[in-house]
Amino acid sequence: MSRARTVLWLSPTLRSVLSLYRARFMEGQPQGPPNAAAMENGTEPNREERPPGFQETTITEGAAKIVFPSANEVFYNPVQEFNRDLTCAVITEFARIQLAAKGIQIKVPGEKDVQKVVVDLSEPKEDKAEPKEGANLALEDQPRTAAVGEICEEGLRVLEGLAASGLRSIRFAREVPGLRSVVANDASARAVALMRRNVQLNEVAHLVQPSQADARMLMYQHQKASERFDVIDLDPYGSPASFLDAAVQAVSEGGLLCVTCTDMAVLAGNSGETCYSKYGAMALKSRACHEMALRTVLHSLDLRANCYQRFVVPLLSISADFYVRVFVRVFTGQAKVKASASKQALVFQCVGCGAFHLQRLGKASAASGGRRLKFSAACGPPVAPECEHCGQRHQLGGPMWAEPLHDLEFVGRVLEAVSANPGRFHTAERIRGVLSVITEELPDVPLYYTLDQLSSTIHCNTPSLLQLRSALLHAGFRVSLSHACKNAVKTDAPSSALWDIMRCWEKEYPVKRERLSESSPAFRILRVEPRLQANFTIRDDANPSSRQRGLKRFQANPEANWGPRPRARPGGKAAGETVEERRRLLQNKRKEPVEDLAERAAWLKTFPCKRFKEGTCQQGDQCCYSHSPPSPKATAEATPTDCPEAPSQNPTEPGAATGPGIE
């Protein structure tokens with residue numbers, strides 16, 4: 001081999017070896033605070049070279065400040081600030097509970113130190129002037145404290161599995177006290193490099209440890225009890241299903257698992273088979289789809305935990321904006337795991353009137369002596385082949401979590417802390433409103449109906465929320481709202497009582513029965529006389545406290561295109577203008593609006609008239625659709641459309657006939 005070829009062959013090898021040793025050397029060096037002046041002048045050491053025209057955006061949220069490429073909007077979504085604020089509040093209260101058992105008191109910025117004030121007021125002046133021998137003992141008896149930004153040796157170990165820019169982890173380090181370490185992990189090398197910059201920028205390198213690894217492998221490597229994390233936060237793009245098995249094994253005993261799901265189309269019933277493949281449950285299309293999504297995620301978490309003799313206890317379950325978020329604690333116990341089957345239920349939902357019934361998978365009953373529970377298979381089904389109200393068939397969904405979604409005592413602690421320190425979070429007002437509604441929910445009543453669902457089923461006027469709630473209260477039932485839907489009616493009343501109330505309402509505001517088909521759910525429901533006489537007089541307790549106080553319970557759309565950000569692109573390529581242009585091009589892609597009326601009429605003539613083919617069209621030549629035999633090509637391209645009942649000279653008027661793709 002010639003000398004030149006030898007040099008060329010060795011050069012890549014030497015470069016890779018030198019890069020490896022340089023990386024290992026840099027990992028062993030202490031990371032000090034960044035040089036602010038050097039960063040502003042662009043002379044920061046070891047700064048990666050950036051192409052000309054490279055722009056960055058600086059974002060301040062909470063106590064954290066991050067930078068990310070302006071062209072890559074996937075790194076930051078301002079709508080998720082509520083999610084991050086709520087997570088900080090929940091982890092703070094979780095840390096308060098966990099460290100209090102170890103005799104450690106956390107210090108949250110903005111909270112009043114009540115204990116310190118009491119000590120100062122009760123201490124006499126003579127003791128300050130003449131310290132006694134027992135003074136040192138008294139100081140030792142005082143509880144240890146953990147402050148924000150300080151390492152607590154007995155504190156929580158936190159893992160953010162999919163950290164992106166590291167904003168959430170940095171906020172944990174700067175806003176949540178009682179932490180021992182925060183591991184900010186991401187599989188992308190560019191994301192980890194950005195994380196390191198943001199960690200140095202916020203001076204939290206002593207707490208936050210950037211990590212580049214597959215989140216699943218990282219969690220699988222921490223299955224040992226002594227290496228588990230006390231808090232694991234998973235906020236992926238789309239479904240977290242592939243991370244749940246590793247997460248339930250890597251969280252410590254009684255640890256906190258925080259999971260976000262943004263694949264709401266799957267969880268809300270648009271693709272039941274996909275939901276089953278990811279979460280092990282069939283989702284149904286219903287008005288209560290958001291709460292059912294929460295219960296589906298909890299079922300999936302508990303099912304995966306049961307494989308390792310573990311089970312979950314929900315602390316807080318939130319449906320907000322375009323995602324669901326659950327906070328659960330994970331425990332180990334073979335006896336408790338046996339009760340998991342009795343915590344799951346199937347859902348029988350009528351396709352006509354929407355009435356639903358739950359069927360538990362298992363049954364837990366007290367054994368002889370009453371000291372232990374006996375578990376057996378449940379008996380069912382709870383419904384007949386046809387709905388008792390409208391005669392339609394039932395759809396089968398689930399299994400889903402049928403136990404309470406929240407720990408109301410824990411929710412009350414978080415609500416009290418946020419209310420006492422409203423300046424801590426930018427979204428504190430919304431957190432107060434949502435948590436207040438949650439505390440008013442009926443914990444033992446799964447799913448709900450909605451006002452518009454009940455009234456549209458029988459085609460009648462919609463009663464007000466207070467009128468329907470009052471009627472249920474007068475009848476002796478319990479009723480509450482749901483944070484997942486502002487028109488929700490969550491009640492322990494059976495569906496028969498609910499339809500009796502709606503029959504009484506229809507008698508006050510009659511429906512034209514002659515317009516109802518005899519096979520329709522409305523006709524079959526209204527032909528039965530109500531057994532319960534409803535009283536719609538408004539009661540004082542029908543108006544919930546959160547509504548009386550005018551709390552911000554349901555968020556309005558905060559901005560345009562406020563949903564999930566687009567998936568990250570390889571290499572972090574620009575996506576902003578491209579995405580906006582793509583959205584504009586795909587808007588109404590199945591519609592072909594025609595401005596010229598003559599051209600529109602000619603276009604409609606290309607579609608055959610369905611009623612003419614059936615021999616029922618009475619319009620003749622005035623029909624806007626074609627009465628001529630369609631050509632094979634037109635038959636393949638066009639979709640048969642109903643003929644309008646009256647001639648329409650102006651197709652753009654309301655109620656005019658519309659062809660395929662025309663509104």
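1. In this predicted model, Tyr509 is partly exposed, with a relative accessible area of 36%. Trp505, by contrast, is buried, at a relative accessible area of 4%. The ring centres of Trp505 and Tyr509 lie 4.6 Å apart and their planes meet at 40 degrees, so this pair is classed as tilted. Through ring pairs, Trp505 and Tyr509 join Phe536 in a cluster.

2. Two packed helices are described by the angle between their axes and the distance between the axes. For helix H12 (residues 272-279) and helix H13 (residues 289-306), the angle is about 35 degrees and the axes are 10 Å apart. H12 contributes Cys275, Lys278 and Tyr279 to the contact, while H13 contributes Thr296, Val297, His299, Ser300 and Arg304. Of these residues, three are nonpolar, three polar and two charged.

3. On confidence, the protein chain has an average pLDDT of 81, and 75% of the residues score at least 70. Residues 1-49 have a pLDDT below 50, and this stretch has 20 contacts in the model beyond near neighbours in sequence. The pLDDT also stays under 50 over residues 571-576, which have ten contacts beyond four places in sequence.

Technical notes:
Residues are numbered from 1 along each chain as its sequence is written. This is a predicted model: local features need pLDDT of at least 70, side-chain atom pairs count only at pLDDT 80 or more; totals for chains, interfaces and linings use all residues. Side-chain values use heavy atoms; hydrogens and water are left out. pLDDT is the predictor's confidence in each residue, from 0 to 100. Contact means heavy atoms within 4.5 Å. Axes are lines fitted to C-alpha atoms, for helices over the stretch in contact, and angles run from 0 to 180 degrees between N-to-C directions. Helices (H or I, at least four residues) and strands (E, at least two) are DSSP runs, numbered from the N terminus. Ala, Val, Leu, Ile, Met, Phe, Trp, Tyr, Cys and Pro count as nonpolar, Asp, Glu, Lys and Arg as charged, and the others, Gly among them, as polar. Rings of Phe, Tyr and Trp (its six-membered ring) pair if their centres lie within 6.5 Å; planes under 30 degrees apart count as stacked, over 60 as edge-to-face and the rest as tilted. Buried means under 20% relative accessible area, exposed over 50%, partly exposed in between (1.4 Å probe, protein chains only).
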